[in-house]
Amino acid sequence: MSLITFDPARVPTFQVAAKSLLGDTQMRKNVRHATDVIQGKRKIVVDEMPDWQQLRESGRQIKEHTLKHLDHYLQQFEENCTKAGGVVHWARDAAEARAIVIDLVKQSGSNEVIKIKSMTTEEIGLNKGLEAVGVHAYETDLAELIIQMGNDLPSHIVVPALHKNRQQIREIFKREMNLPNLGDKPADLAEAARTFLREKFLRVKTGVSGANFLIAETGGVCVTESEGNGRMCLTLPETLITIAGVEKVIPRYQDLEVFLQLLPRSATGERMNPYNSIWTGVHPTDGPRSFHIVLMDNARTKILADDEARQTLACIRCGACQNICPVYRQTGGHAYGSVYAGPIGAILTPQLQEMHSGQSLPYASSLCGACYEVCPVKINIPEVLIHLRHKVVEQDTQGFGALNPEALAMKAMAMLFTSERRFRAAQRMGRMAERPLVNKAGWVTWLPGLLGGWTQVRDLHEMPRQTFREWFEQRGATDGK
Ligand code: SF4
């Protein structure tokens, strides 16, 4: 079973990771094919909606309003969920959330759990934490099962095994499920997974889930999925433990009308998800006997406090920005060194890590704006990327980065440009210094040392013999005679 996680302290920068992954032609082919298919399906179901732009705007407004009053809606959710028989737990960070879930699993008396796909549990490395105390977690989403059995890492927030093709999946199942004669048709693979998982659904008494939406008005939780494994995990176990980031709350039941149209169309190109499960607390004759929900901050309130980056929290994890991103489509998700890859990962990951790591991610973008165009809740990702780049530069100029040549050059330029005397002196010195480098045509085509980077791709025109200011002053002196 896969227990590997992204370790922020050890992952290479995006640029380094991307360079080696670009050599994996099979992975790149798989990613391009899968994202092309999803984008094609999305286009059909989005184009048929005459009010798509109004829906996007409604989604944006609901999220903006909720984030402005997040404390109120979270309290309302806690009150209503508790009234309905749920138990609400609060976690400040990933370690606390993991400890709470592990404790609850132990209390349930089970040494196994069945899990629905949840990026939040990936974010906190839950499987590894559970395994450390002797609890086996079974992923039940097909893609997550492939990742788990292949000892791999997710590369997409909706389709975590998007980088694998059918033959590769067949090899993993053959090996891990001991099925030497397994066929490679989709039905063969689905049947193998179904047989493997069915026994777990019926035997394991504790379920773990994430959440797509938390409804403040009712205390209800909503999970959307396509395979029915989620419905099994939410209804068959005796204990259900849900973990959700605090930003998942929405004010009213009615708001689902907007999000349950935006999400499936953007995520998988479906008009609606085949399974939309909504449950509120516990019921004496139906579903789990005990229900716990862990509401996790893990740096989200810090993002909330940042006016320009706050919109990051509006994300409904549809993955549309990943599918369209020209950078993600070339490198795949692993280059981002985080469970959140692509444009959303480039803005979310460094913020979740409070800018202590992931500083290279805001640069993993050409700023083409395609992510903003497709985002169902209109998150202006390029704007946040630029804001984060600014933060990285500020961080750099305050720390050891202050000694790097670029930062020193910028400081020197600032000194020159803020003093007329120094600026004029620099112009005179520049004219003298460039003399041996100017060719007969009046161009500098080569510069020595670090400056050589500039002339590698461009030539520099020689400085004029006389600046406009000098000419003007001379002219004034002449006119005055
Ligand atoms: S940022 Fe927008 S497009 Fe990207 S995953 Fe989130 S909601 Fe979807």
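What follows is a conversation about how the terms used for this predicted model rest on its computed values.

Visitor: What kind of model is this, and how are its residues numbered?

Guide: This is a predicted model, in which local features need pLDDT of at least 70 and side-chain atom pairs count only at pLDDT 80 or more, while totals for chains, interfaces and linings use all residues. Residues are numbered from 1 along each chain as its sequence is written.

Visitor: How many helices and strands are there, and what makes a stretch count as one?

Guide: The protein has 22 helices and 12 strands; helices (H or I, at least four residues) and strands (E, at least two) are DSSP runs, numbered from the N terminus. The C-alpha trace spans about 105 × 55 × 50 Å along its principal axes.

Visitor: What makes alanine 299 and arginine 317 partly exposed?

Guide: Alanine 299 has 18 other C-beta atoms within 10 Å, so it is partly exposed, and arginine 317 also has 18 and is therefore partly exposed. Alanine 299 is found in the loop between strand E10 (290-296) and helix H13 (300-304), whereas arginine 317 is found in the loop between H13 and helix H14 (320-324).

Visitor: Why is the phi of alanine 299 worth a remark?

Guide: Most residues other than glycine have a negative phi. Alanine 299, which is not a glycine, has a positive phi of about 80 degrees, and arginine 317 likewise has a positive phi, near 55 degrees.

Visitor: How do you know that strand E6 is largely enclosed by the rest of the structure?

Guide: Of the 6 residues of strand E6 (residues 220-225), 5 are buried, so the strand is largely enclosed by the rest of the structure. Over the whole protein, buried residues make up 40% of the 481 residues.

Visitor: What makes a strand an edge strand in the 6-stranded open sheet?

Guide: That sheet has the order E1-E10-E7-E4-E2-E3, with parallel pairing. Strand E1 (87-91) and strand E3 (136-139) are its edge strands, each pairing on one side only. One of the pairs is strand E4 (residues 206-209) with strand E7 (residues 239-245), joined in the parallel sense over 4 bridges, and the bridge partner of serine 209 in E7 is threonine 242.

Visitor: What makes a set of residues a nonpolar core, and how many residues has the largest?

Guide: A nonpolar core is a set of buried Ala, Val, Leu, Ile, Met, Phe, Trp, Tyr and Cys residues joined through C-beta atoms within 7 Å. The largest has 106 residues, and those with the most contacts inside it are Val101, Ile146 and Cys321. The largest share of this core, 6 residues, comes from helix H8 (residues 142-149).

Visitor: Which residues are in contact with valine 101?

Guide: Two residues are in contact if their C-beta atoms, placed from the backbone, lie within 7 Å. Leaving aside neighbours within four places in sequence, valine 101 is in contact with Leu126, Val208, Ile241, Ile243 and Val294.

Key: Buried ≥ 20, exposed ≤ 12 C-beta atoms within 10 Å, placed from the backbone. Pairing = 2+ DSSP bridges.
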